[in-house]
Amino acid sequence: MNTLILNSLKKKASLVIENRVLKTALVLEVRKWPSSNIIEIDLHMPFTSMHNWNEVNYIKCKVADFTYRDYTPSGWDAETQTCTLFVDAGHNGPGSIWASQLTKGDELGYLQVKSTRQTPVNTSAVICLGDESSIGHILAMQQLAMPAARFSGAVLMGDEHSRSLFNEYFRTPLQPVLRNDVYGHHSLTEWLLKQSYNLEHTIFYLTGNNTMVSQLRKTLKQQGYGQHQIKAEGFWS
Ligand SMILES: Cc1cc2nc3c(=O)[nH]c(=O)nc-3n(C[C@H](O)[C@H](O)[C@H](O)COP(=O)(O)OP(=O)(O)OC[C@H]3O[C@@H](n4cnc5c(N)ncnc54)[C@H](O)[C@@H]3O)c2cc1C
């Protein structure tokens with residue numbers, strides 16, 4: 001048997017095994033934000049229990065053959081086993097292409113749901129800062145923050161229309177901040193410097209692209225916040 005046929009057979013066999021370990025979710029609705037690249041995807045996940053979701057989770061979604069990307073469920077309802085993903089799809093990548101092609105009624109394959117180990121710690125102020133790829137993560141943090149009054153922060157938005165949509169659409173203390181630089185750390189730093197947070201009882205959660213996360217972490221350290229007050233998770237670079 002020549003190598004080409006052998007490789008093709010191996011690929012087919014691996015696909016069969018891969019598909020056996022995958023769980024499926026049903027796409028209930030897809031909403032594309034009009035002037036930005038954000039895609040909201042509502043899912044029904046009958047094979048996953050959400051009753052113990054006490055930390056922010058992420059779903060390892062199959063976006064192409066042997067290709068997986070992580071996306072964060074927010075707004076979950078354990079009774080109906082539904083949740084929403086927010087995918088930032090403005091770039092060229094398999095995850096982005098996959099999300100752009102999803103439609104209502106599609107089946108979505110996923111390997112597992114895993115915890116980021118992030119949850120709002122027991123302190124008086126929980127501040128989340130992130131880019132568009134971390135909208136799901138930040139809204140999940142909001143869902144977990146009790147009492148709700150201690151939660152706030154800011155999310156980068158690429159244009160004014162999305163900023164006003166964000167304000168209209170979400171019941172949230174989060175402020176949408178216009179992104180004036182590629183990775184958004186300058187815009188968020190400018191916003192941050194205008195706030196007056198208590199140096200002692202504040203914990204920051206930084207999520208999104210690695211440049212933004214690492215630069216904001218530096219700024220916060222320069223402002224006097226300790227290592228334990230800054231929880232950072234880079235999503236992409
Ligand atoms: C724990 C975790 C949770 C995550 N949750 C989410 C989520 O809820 N929503 C979400 O959108 N992403 C999320 N991500 C990021 C996501 O998993 C992918 O890494 C990202 O979407 C890129 O995948 P891709 O295949 O589209 O592009 P890739 O093939 O990974 O990258 C292609 C190119 O696009 C660039 N790129 C990647 N992402 C972006 C972006 N957002 N904006 C501009 N350029 C980009 C890369 O630098 C690269 O040059 C999460 C990541 C982690 C680790």
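This is a predicted model: local features need pLDDT of at least 70, side-chain atom pairs count only at pLDDT 80 or more; totals for chains, interfaces and linings use all residues.

Numbering starts from 1 along each chain as its sequence is written, and side-chain values use heavy atoms, with hydrogens and water left out.

I looked up the shell first: 19 residues surround the ligand, and the closest are Arg 69, Asp 70, His 91, Gly 95 and Ser 237 (a residue is near if one of its heavy atoms lies within 4 Å). By class I get seven nonpolar, eight polar and four charged residues (Asp, Glu, Lys and Arg are charged; Ala, Val, Leu, Ile, Met, Phe, Trp, Tyr, Cys and Pro are nonpolar; the others, Gly among them, are polar).

Next, polar contacts (N or O pairs within 3.5 Å). A backbone N or O atom of Ser 237 is 2.5 Å from a ligand oxygen. For His 91, a polar side-chain atom is 2.8 Å from an oxygen of the ligand; for Tyr 71, a polar side-chain atom is at 3.4 Å from a ligand oxygen. The protein covers 78% of the 910 Å² of accessible area that the ligand has on its own (Shrake-Rupley, 1.4 Å probe).

Then the backbone. I found a cis peptide bond between Met 146 and Pro 147, with omega about -5 degrees. Phe 66, not a glycine, has a positive phi of about 55 degrees. Most residues other than glycine have a negative phi, and most peptide bonds are trans, so I flagged both.

How values were computed:
A polar contact is a pair of N or O atoms within 3.5 Å; within protein, one must be able to donate a hydrogen and the other to accept it, and residues adjacent in sequence count only if both atoms are side-chain atoms.
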